[in-house]
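Q: I am new to this structure and would like to learn how its features are read. Could we go through them one at a time?

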Amino acid sequence: MLRYAGINLKNSIKSRYFLYGILIIVGIFFFSKGRGELMVQVQQRPLIIQEIFRYPREKFMKNIDSYSSEAMFSFGLRQFMYLAMPLSGIGFLLRFCDERYGGYDRMMFGRIGRRQYLLGTLMTSALLSILTIVVSFVLILIVLYAKLPSAIGIVEGVGIGTCLRQVFFACILSIIGGWMGFFTAVVTESRFLSLVFPVLFFELWTEMCTAAASFFWFSYSMKNLFDPVAAGMPVRWYILFVFFFLILTGGGFYLTAQKKFEKGR
């Protein structure tokens, strides 16, 4: 399983889809809505990329609470996380669909076994998603630190610790989103749905939690699951959430794929 996952990870990194995943995350971050606190008499907030390249560094220094590198990184992640996370492992997901529909998976069964193949698929998806997230966020932080001042040593507020915590939560959500994509690919046998459904699910989750906030006091805290500490969610709830969805997505993919392959489909 480890050897198969390592080979898959190596091939996925060499694929152009790995670069596509990085471009999607970086692009969505910089083209999401910014704070707009420096704008005067505007009806619509500018994009993050417009904000950071519109003003000189001295103007950001006067608004360090909102426009430090760490504060902008944390703010940007809250705006786009649920859209980009499921697509972080797009490279291996598309490769799996090609293998699944082309019959390559059955050839692998005879070489490494069905169990090793499926577990290796889940492991490769998790590792590739984490790697895509880390590389993308490093590129984002490089741009932000080049254009914005750092809050470290200036004021007490959003710091590098907050950013690292959000990166950790982003990696967890990327694994869940990736495994959900594989589960959808096996059930529906559709490349399009395997890419779209995780994004739609994350969006629907956000909207449902917002709508239910009037009836359940804890639902609003569960909306921003990528940063449960900032959202006020108890840590034990977040652990239960992660455990439940990892079992649901990873276990669902494994069991469904087993039954599908046994039926010869």
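A: Let us begin with the surface: the accessible surface of the protein comes to about 13,200 Å², and 65% of it belongs to carbon and sulfur atoms, where accessible areas come from the Shrake-Rupley method with a 1.4 Å probe and, for residues, only the protein chains shown count as cover. This is a predicted model, in which local features need pLDDT of at least 70 and side-chain atom pairs count only at pLDDT 80 or more, while totals for chains, interfaces and linings use all residues. Residues are numbered from 1 along each chain as its sequence is written, and side-chain values use heavy atoms, with hydrogens and water left out.

Q: How many helices and strands are there in the protein?
A: Helices (H or I, at least four residues) and strands (E, at least two) are DSSP runs, numbered from the N terminus. In this protein there are 12 helices and zero strands.

Q: What share of the residues of the protein count as buried?
A: Buried means under 20% relative accessible area, exposed means over 50%, and partly exposed lies in between (1.4 Å probe, protein chains only). Of the 265 residues of this protein, 49% count as buried.

Q: Which contacts in the protein come from residues 24 or more positions apart?
A: A contact means heavy atoms within 4.5 Å. Among the contacts in this protein with a separation of 6 or more, 76% are accounted for by residues 24 or more positions apart.

Q: What span should helix α2 have?
A: The expected span of a helix is 1.5 Å times one less than its number of residues. Helix α2 (residues 16-30) has 15 residues and should span 21 Å, which agrees with the 21 Å between its end C-alpha atoms. Helix α10, with 29 residues, should span 42 Å, and its end C-alpha atoms are 41 Å apart, which agrees as well.

Q: Which residues of α2 are buried, and which exposed residues are on the face turned away from them?
A: An α-helix has 3.6 residues a turn, so residues three or four places apart point the same way. In α2 the buried residues are Phe18, Gly21, Ile22, Ile25, Val26, Phe29 and Phe30. They cover an arc of only 155 degrees around the axis, which puts them on the same side of α2; the arc is that of the directions from the helix axis to the C-beta atoms. The face turned away from this buried side carries the exposed residues Arg16 and Leu23.

Q: Which residues have the most contacts inside the largest nonpolar core?
A: A nonpolar core is a set of buried Ala, Val, Leu, Ile, Met, Phe, Trp, Tyr and Cys residues joined through side-chain atoms within 4.5 Å. The largest one here has 48 residues, and those with the most contacts inside it are Phe29, Phe30, Phe73, Phe137, Ile140, Leu144 and Phe253. Several helices each supply at least two residues of this core, including α1 (2-14), α2, α6 and α12 (235-262), and α9 gives the most, with 10 residues. Apart from this core lies another, of 11 residues, among them Ile176, Met180, Phe202 and Val242.

Q: What does leucine 144 touch?
A: Not counting residues up to four places away in sequence, leucine 144 touches Phe29, Phe30, Ile52, Ser69, Met72 and Phe73.

Q: Is serine 69 buried or exposed, and where is serine 69 found?
A: Serine 69 is found in helix α6 and, at 0% relative accessibility, counts as buried. A polar atom of its side chain lies 3.1 Å from the backbone oxygen of leucine 148, where a polar contact is a pair of N or O atoms within 3.5 Å; within protein, one must be able to donate a hydrogen and the other to accept it, and residues adjacent in sequence count only if both atoms are side-chain atoms. Serine 68, in the loop between α5 (64-67) and α6 (69-84), is also buried, with a relative accessible area of 1%. Leaving aside its neighbours within four places in sequence, serine 68 is in contact with Leu148, Pro149, Ser150 and Ala151.
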